[in-house]
Amino acid sequence: MIRSDVAVLGAGIVGVSTALHLQARGRSVVLVDRRGPGEETSHGNAGLIERASVVPYAFPRSLLDLLRYASNRRIDARYHWVFLPRIAPWLFQYWRHSSPARLAEAARAMLPLIERCLDEHRPLLEQAGITHLARETGWLTVYRTARGLAAGAAETATAAAHGLNFGVLDPAQIRALEPHLAEGLAGGVHWQDPVSVSDPGAVTKGYADLFLRRGGRLLQADARSLQPAEGGGWSLQGPDGPVLARDAVVALGPWSLDLIRPLGYRLPLAVKRGYHMHYRARGNAVLHRPVLDEERGYLLTPMARGLRLTTGVEMGPRDAPPTPVQLEVAEAAARTLFPLDGRVDDRPWMGARPCLPDMRPVIGPAPRHRGLWFAFGHAHHGFTLGPVTGRLLAEMLTGGETVVDPSPYRTDRF
């Protein structure tokens with residue numbers, strides 16, 4: 001039998017970061033996952049520590065945009081026809097929360113987390129000895145048309161109001177930053193504050209190694225065995241017997257409902273599936289920073305394994321077989337932007353982003369179970385917000401002063 005102060009369920013970036021922060025506050029922690037650290041959603045993202053996206057990704061509101069997405073041919077968003085009736089109520093709530101007033105409210109709620117993301121990642125990168133994985137080069141959004149550039153330039157007004165550093169670039173300035181991008185672009189925006197990493201899975205594993213070096217325990221087990229323990233606290237079945245803990249943190253990302261639904265929680269968590277593939281560059285071509293092809297809806301970023309092409313959103317059942325149609329279309333578009341050579345991976349990677357309709361996570365205590373805590377629903381910003389979420393959750397659990405006001409992320413808002 002293993003006894004611990006806290007069991008953290010989920011060894012993605014949020015769970016590992018939470019375990020580290022609890023450990024730093026004197027708690028004994030056991031980290032539980034069915035796989036190794038950083039091998040699910042935290043492995044397959046674009047590797048951005050995104051201190052620029054102060055406005056969440058909203059549902060399209062204009063009739064013209066809705067008609068464009070209805071064709072189901074876009075790279076940035078695609079859906080399974082047979083899944084629409086199941087997901088329609090959630091999409092309606094997402095659409096409601098994407099109204100201008102509610103989107104502004106979501107942006108205000110997320111800003112305290114976003115603006116602290118680098119401050120929380122940097123100490124962990126240093127302590128884990130993996131600063132070499134981080135690049136201080138920002139990232140680049142490029143536009144193929146004058147209309148797209150005008151829309152992008154309008155968005156920079158919001159960024160300027162929040163004190164973000166960026167530069168609006170003409171084609172010559174883009175070529176100076178990234179000489180191997182195709183000619184003919186209308187312009188772009190260089191977001192200078194964000195940091196990118198060459199292997200987000202390795203970053204999560206590096207943080208997990210730090211946790212282990214500091215005396216933490218990592219168990220490979222099924223978190224769904226969690227249940228209230230006799231006499232208080234929580235128990236689950238470990239590989240060598242029961243694991244008992246006074247507190248349990250659910251940080252299972254898109255699998256969180258599998259655990260909390262049997263306990264009576266009906267949170268509106270949905271998933272946005274996505275794909276990536278790695279490529280070699282042709283000849284001596286080099287990409288120095290992540291590049292978002294805004295009007296086509298994909299991102300190309302240099303990784304340790306090669307150039308990672310990531311798609312937008314696919315709305316489909318979480319566990320349905322991969323249908324990487326978006327990736328095929330994105331690859332064709334990316335080849336017109338940058339000289340890609342052959343694929344590196346045998347097959348596309350697929351992951352799922354855990355999303356709530358009001359575009360903010362749940363971070364805090366479960367309303368009906370003492371000692372149960374939630375930390376999931378980070379949508380597109382799980383890698384960005386893992387460490388600051390871990391700090392906030394650890395401060396709440398240990399009764400300390402919190403780095404930000406946790407009320408916008410409370411579980412009972414639903």
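Residues are numbered from 1 along each chain as its sequence is written. Because the model is predicted, local features need pLDDT of at least 70 and side-chain atom pairs count only at pLDDT 80 or more, while totals for chains, interfaces and linings use all residues; side-chain values use heavy atoms, with hydrogens and water left out.

Let's start with the helices. Two packed helices are described by the angle between their axes and the distance between the axes. Helices here are DSSP runs of H or I with at least four residues, strands are runs of E with at least two, and both are numbered from the N terminus. The axes are lines fitted to C-alpha atoms, for helices over the stretch in contact, and angles run from 0 to 180 degrees between N-to-C directions.

Helix α4 (residues 100–114) and helix α11 (residues 382–398) have axes that come within 9 Å and cross at roughly 90°. The two helices are therefore roughly perpendicular to each other (65 to 115 degrees; under 35 counts as roughly parallel, over 145 as roughly antiparallel and the rest as oblique). On the α4 side, the contact (heavy atoms within 4.5 Å) is made by M110, L113 and I114, and on the α11 side by T384, L385, V388 and L392. Sorted by class, these residues come out as 6 nonpolar, 1 polar and no charged. Here Ala, Val, Leu, Ile, Met, Phe, Trp, Tyr, Cys and Pro count as nonpolar, Asp, Glu, Lys and Arg as charged, and the others, Gly among them, as polar.

Helix α11 also meets α5, with axes that come within 8 Å and cross at roughly 85°. So α5 and α11 are roughly perpendicular to each other too. From α5, the residues in contact are C117, E120, H121 and L124, and from α11 they are F383, T384, L385, P387, V388 and R391. This contact divides into 6 nonpolar, 2 polar and 2 charged residues.

What about α5 (residues 117–128) and α8 (residues 200–213)? Their axes come within 9 Å and cross at roughly 65°, which makes α5 roughly perpendicular to α8. In this pair, H121, L124, L125, Q127 and A128 of α5 touch V203, G206, Y207, L210 and R213 of α8. The tally is 6 nonpolar, 3 polar and 1 charged.

On a 1 Å grid over the protein atoms alone, a cavity is a set of points where a 1.4 Å probe fits but cannot get out, whereas a pocket is an open set with protein on both sides within 12 Å along at least five of seven lines; lining residues have an atom within 4 Å of a point. The second largest pocket has a volume of about 400 Å³ (the space filled by probe spheres set on the points, which are joined across faces, edges and corners). It is lined by 19 residues, and L257, R261, L269, A270 and V271 are the closest to its centre. At least two lining residues each come from α3 (84–97), α9 (256–260) and β14 (270–281), and α3 gives the largest share, 4 residues. The lining has 13 nonpolar, 1 polar and 5 charged residues.

A search of the whole structure finds 1 cavity of 30 Å³ or more. The largest cavity has a volume of about 150 Å³.
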